[in-house]
Amino acid sequence: MEKKFGGQQTERGVYVSLCTGELITVPSGGGALPGEASITYVRTPTLVAAVLGPFVGLAYVIFLPLIGIVTVVWFAARQLARGTRALGYRAMQLTTAEWQPGMSFFARRRQARERKTEASVEETKKEIAEKKQEH
């Protein structure tokens, strides 16, 4: 297996790009390989390229749609899991008590109730006094 690089002059043969998997055929008399010097090519026997070429094409035809379907299903499942998790957190927030150590809210409620009770007692006294004056 002889390695060549892009732009290099080579003799006749079939070369496979290691970067892209592309098959390059160099005609009789030789020629330069396409691409930059960073692209690596490997000379492949013509018989091997002729036998493996259709199988590589078949794999491409089969797996490209399969990869697309798997990607869409994975993305949908991930979004569904995120939504379910967020919904679970919301439900948990609604049903769990928030614990704040050192905080007491009983005194405020009692004072508010006492104020309401005192106000209602004063209103009742006024109503009684008004009814007495009417009679």
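Reader: Of the contacts between residues at least 6 apart in sequence, what share joins residues at least 24 apart?

Author: That share is 53%. Contact here means heavy atoms within 4.5 Å.

Reader: Where do these coordinates come from, and what got counted?

Author: This is a predicted model, where local features need pLDDT of at least 70 and side-chain atom pairs count only at pLDDT 80 or more, while totals for chains, interfaces and linings use all residues. Residues are numbered from 1 along each chain as its sequence is written, and side-chain values use heavy atoms, with hydrogens and water left out.

Reader: OK, what's the mean pLDDT?

Author: The protein has a mean of 83, and 87% of its residues reach 70 or more. pLDDT is the predictor's confidence in each residue, on a scale from 0 to 100.

Reader: Where is confidence lowest?

Author: In helix α2, residues 106–134, with a mean of 72. Helix α1, residues 46–95, has the highest, at 90. Where pLDDT is low, the predicted coordinates should not be read in detail.

Reader: How many helices and strands are there?

Author: Two helices and six strands, in the order β-β-β-β-β-β-α-α along the sequence. These are DSSP runs numbered from the N terminus: H or I of at least four residues for helices, E of at least two for strands.

Reader: Back to α1. How far apart are its end C-alpha atoms?

Author: They are 71 Å apart, which agrees with the 74 Å that its 50 residues should span at 1.5 Å a residue. The expected span is 1.5 Å times one less than the number of residues.

Reader: And where does α1 bend?

Author: At L52, by about 30°, and the proline P54 follows within four residues. The bend is the angle between axes fitted to the seven residues ending at a position and the seven starting there.

Reader: Switching topic: how much of the protein is buried?

Author: Of its 135 residues, 13% count as buried. Buried means under 20% relative accessible area, exposed means over 50%, and partly exposed is in between, with a 1.4 Å probe and protein chains only.

Reader: Which residues make up the largest nonpolar core?

Author: Five residues: Y15, I24, V26, L33 and Y41. A nonpolar core is a set of buried Ala, Val, Leu, Ile, Met, Phe, Trp, Tyr and Cys residues joined through side-chain atoms within 4.5 Å. Not counting residues up to four places away in sequence, I24 touches G13, V14, Y15, L33, P34 and Y41.

Reader: What about T10, buried or exposed?

Author: T10 counts as buried because its relative accessibility is 6%. It lies in strand β2, residues 9–10. Leaving aside neighbours within four places in sequence, T10 is in contact with K4, Y15, V26, G30, G31 and L33.

Reader: And S17, where is that one?

Author: S17 is in strand β3, and at 2% relative accessibility it counts as buried. Beyond its neighbours within four places, S17 contacts E22, I39, T40 and Y41.

Reader: Which strand has L23, and what does L23 contact?

Author: L23 sits in β4 and is partly exposed, at 45%. Outside four places in sequence, L23 is in contact with V14, Y15 and V16.
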